[in-house]
Amino acid sequence: ESFRSEVIGKSPHEVAAAIGKPDRDVDAGSTQLWFYDGKTRDPITGKADTYAQIIFDNGKVSDVVFAAF
């Protein structure tokens with residue numbers, strides 16, 4: 001949750017300054033997706049997430065999705 005609270009509502013520039021450049025990104029018009037591989041952990045299991053996906057809508061972070069497989 002601290003990762004999410006650190007980025008939510010921020011611009012790409014603010015996110016890059018806070019947590020660094022993404023491992024990869026996808027630009028889909030007004031939506032931009034940034035991926036950070038293995039930088040977050042599941043708070044229950046303690047295992048590393050496969051990735052955290054940051055979703056920017058109209059230049060601000062609107063959501064963060066965590067994936068583990």
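## Charges and fold of a predicted model

The protein has 8 positive and 11 negative side chains, and the centres of the two sets lie 4 Å apart, where Lys and Arg count as positive, Asp and Glu as negative, and His and the chain ends are not counted; each charge is placed at NZ of Lys, CZ of Arg, CG of Asp or CD of Glu. This is a predicted model, in which local features need pLDDT of at least 70 and side-chain atom pairs count only at pLDDT 80 or more, while totals for chains, interfaces and linings use all residues. Residues are numbered from 1 along each chain as its sequence is written, and side-chain values use heavy atoms, with hydrogens and water left out.

The protein has two helices and four strands, taken as DSSP runs (helices H or I, at least four residues; strands E, at least two) numbered from the N terminus. From the N terminus on, these elements follow the order α-α-β-β-β-β.

Two salt bridges are counted, each being a side-chain nitrogen of Lys or Arg within 4 Å of a carboxyl oxygen of Asp or Glu.

| Salt bridge | Closest N and O atoms |
|---|---|
| aspartate 63 and arginine 4 | 3.3 Å |

Aspartate 37 in strand E2 (residues 31-37) and arginine 24 in strand E1 (residues 24-28) are 13 residues apart.

Aspartate 63 is partly exposed at 33% relative accessibility, and arginine 4 is partly exposed at 22%, where buried means under 20% relative accessible area, exposed over 50%, and partly exposed in between (1.4 Å probe, protein chains only).
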